Amino acid sequence: MSTVALQTLPSGADAAKRLAARLGLACNEIALHRFPDDEMRVTVAPAAETTILHASLDHPDDKLIALLFAAEALRRGGAKRLVLVAPYLCYMRQDAAFHAGEAISQRAIGGLLATVVDRIVTVDAHLHRTPDIRSVFPGIEADNLSAMPAIAKALAAAGIAPSTVVIGPDAESEPWVNDLAGRLGLQHTVARKTRHGDRSVEITFADPALLARRPALLVDDIVSSGTTLTVAAKALNALGATVVDAVVTHALFPPAMVAALADAGIRSIRSADGVPHPTNAIALDELLASALEREINTVPLRETTT
C-alpha cells in the first residue's frame, strides 16, 4: 500500500489533478453510478494509508453522500488517515437558529464530517460568527485558509492600477479586503450593506469622494445570487468610478449571470478555481499544497476501525 495518495470526486477533478501533481502524488477519480431509483454507488481506487479526498462542496447534498460512502470504502480498504480538501465548504452560513424550529446546518454538517475524516482543509469558509473553524469540527484537525495570497499574486501578475480602491461589500469582508489591499499596496474601504431579503440589498459608502474618478475592485468571499455585486457596481458607477472589476473566492452563481453582471457595470469578474466556473482565473493549488505538505510521508494518526 502506498503511503499517501489523492482521490477526487468527478466535479473539480482538473484542480485535484493539478494539486496532486504539485504534491507528487497519484490521483484517482472516484466513480459514481446512479441507479434508476436515484440511489448512488460509489467506487474508490485502492486506499493509501493517508488518503486525501478532494471535493469542493458546492451543490453539496449528493457530494456529501458520495464522501460518506467513499470514506467507508477507504477505511475498509486500509486507509488510516483521511484528509478532506474541500476548497468550498457547504452549509457554514447557518451558524445559529434565527427562528424557532430552524436547524443549525453548520453544527449538523460539522458533527457529521468530524466522524468521517481526520482533517479538513478549506478556503475562506463562511464563518462570520464562528471565530475558529476548529470549533465546527470537534475532535479533528481543521484549517481555514485565506485565498487572499493567491488572489493578490494573480492580480499583481496581471497588472493593477495603483489608484485602484479595493472595496468590500459589508463589514464582514473587512479582514480579507484589508489583507488584499495591504498585499497590493492599495487603499481600501468597506461598504454598508442592509439586507432586506435573499435578493434585495442596499449598499452605501461612508466616503463617496474616495471612489470618484478611480478604478474600483470589488472583493467578496462568495457570490451566489449576484445581487450584492450588482447593487454595489451600480452604486460605484453612480459615484463616478472609472471602472469596476470584481474578484471572488467562490463563484456559486449561474454562468449565465455573467452577462447580467456586465450589464450592471462590472467590466470583469475573476474567481478562484475551488469551485469550477467559467470565471475561474486564480489557481488555489499552491495554497492547498502548502497546507498539505506535512501529510506527505507522515505516520497516519487514527487506526482503521472495524
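A disulfide is a pair of cysteine sulfur atoms within 2.5 Å; by this rule the count is zero disulfides. The model is predicted, so local features need pLDDT of at least 70 and side-chain atom pairs pLDDT 80 or more, while totals for chains, interfaces and linings use all residues. Residues are numbered from 1 along each chain as its sequence is written, and side-chain values use heavy atoms, without hydrogens and water.

**Cysteines**

**Largest cavity**
- A cavity is a set of points, on a 1 Å grid over the protein atoms alone, where a 1.4 Å probe fits but cannot get out; lining residues have an atom within 4 Å of a point.
- The whole structure has one cavity of 30 Å³ or more.
- The largest cavity holds about 60 Å³ of space, and its lining includes His 54, Pro 87 and Asp 273.
- Helix α1 (13-23) gives the most to this lining, with three residues.

**Second largest pocket**
- A pocket is an open set of points with protein on both sides within 12 Å along at least five of seven lines.
- The second largest pocket has about 310 Å³ of space.
- Of its 15 lining residues, the closest to the centre are Ala 125, Leu 127, Thr 130, Asn 144 and Trp 176.
- The elements giving two or more residues to this lining are β8 (141-145) and α5 (174-184).

Definitions and conventions:
Points joined across faces, edges and corners; volume = space filled by probe spheres on them. Helix = DSSP H or I, 4+ residues; strand = E, 2+ residues; numbered from the N terminus.
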